[in-house]
Amino acid sequence: MHMFTIIKKDRNSKARLGVLKTAHGIVKTPSYVIVGTYGQIRYLSPSDIKKTKTQLIIANTFHLWKVANKKPLKFGKISTMTDSGGFQVLSLAFSDKNKAGKFMTGTPDANTKLKRDKIKITSNGVYFAFNGKRLFLGPELSMKIQEKIGADIVFAFDHITSPLDTYAYNKKALELTDKWAKICLKHKGKNQALFGIVQGGLFKDLRIKSAKSIGTMTFDGFGIGGSYTKKQIAKVLKWIIPHLPEEKPRHLLGVGKIEDIFEAVENGIDTFDCVIPTREARHGRLYTKKGTIDIRRGYFSKDKKVIEPSCGCPTCSKKISRSQISALLKNPIRKQNTKGQRLCLMHNMWFFNNLLEKIRKSIAKNRFIEFKKKTLTNFLSQY
Ligand SMILES: [Zn+2]
């Protein structure tokens, strides 16, 4: 499937501009991918979403499994992705202390022994208990469910590991990821692009091995999975990217903080997904060029300014003030509260999508590194 075209490469980094074509539209890359776990973004209609410059939405196979027959992905002209469900199933094995988060925020507790006694992994997939039921999910079934859900881009079922896993365990997991990748290719859905996933934890030789192996398979693009701290992202990408085919798109799974976006793009990533824009909006944390504000703080109930004067989002361009949003969020009437949530979501999603638009412009002018420095200096200055 020919779906990706590289338009320009940055002179001073590995950043690149591209166009990803799907049945639902054109995605200009680098692009943020907004997370709609259950096949929707709560409080927003498809036309609301379109107004936030959203180009791509990723939904969750594990959460849509039961309703997959109903074709739950309806986002109009916005392109969609689904993950394989592997992450949810495999992370059921872990407690909070040693979880295999897509992105590690804390330090793993080295004294916690990593056991996987809650799940059983076989060469065909994973047996697990969920809501008192014994269930199974593997590569073949994941592909079938993902075909029913009907996203434009789907991901292979892979074996994610935890940062606490040993070298030997990661090596073994890679063998399964490779085996499952081949099964996924065999059962690829019609009219869907399939991305293979590179794993290998924080081990250089395993990452390279995985990139070489997955990279030579006939995938339409590649996902990079795993758990790492911020500092490790660039390092891991520098190991992997040279071994992936240049002409195919690359997606970084579960990464999307402002600083991480720049690291990813600088190292040649085309798309990445993260819950940050939506989750932070739901907690009242709103993004501005100078950092974030917590709109729920008392101070904002008297603040007549818009969230950010230079912002062109549907909320700020209608001149809805911080005090108005604050009042809606405090309103006990559900409908009013929902209105407030919607305004916050639209602002944050627009903020991230607009930042990516600016990043694309900076790459076009070979000014990406300059733009990165300027944006991060401003953003980290805070209020
Ligand atoms: Zn705004």
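The model is predicted, and local features need pLDDT of at least 70, side-chain atom pairs count only at pLDDT 80 or more, while totals for chains, interfaces and linings use all residues. Residues are numbered from 1 along each chain as its sequence is written.

Ile-49 lies in helix 1 (residues 46-50), and Thr-292 lies in strand 16 (residues 291-294); helices (H or I, at least four residues) and strands (E, at least two) are DSSP runs, numbered from the N terminus. Burial is judged from C-beta atoms placed from the backbone: a residue is buried if 20 or more others lie within 10 Å of its own, exposed if 12 or fewer, and partly exposed in between.

| Residue | Other C-beta atoms within 10 Å | Class |
|---|---|---|
| Ile-49 | 21 | buried |
| Thr-292 | 17 | partly exposed |

Contact here means C-beta atoms, placed from the backbone, within 7 Å. Leaving aside neighbours within four places in sequence, Ile-49 is in contact with Ile-41, Leu-44, Thr-54, Phe-75 and Ile-78, whereas Thr-292, with residues up to four places away likewise not counted, touches Arg-285, Leu-286 and Tyr-287.

The axes of helix 8 (residues 258-266) and helix 13 (residues 368-381), lines fitted to C-alpha atoms over the stretch in contact with angles from 0 to 180 degrees between N-to-C directions, come within 10 Å and cross at roughly 170 degrees. The two helices are therefore roughly antiparallel, a term used for angles over 145 degrees. Ile-258, Glu-259, Phe-262 and Glu-266 of helix 8 meet Lys-372, Leu-376 and Phe-379 of helix 13.

Definitions and conventions
Contact = placed C-beta atoms within 7 Å. Parallel < 35°, antiparallel > 145°, perpendicular 65-115°, else oblique.
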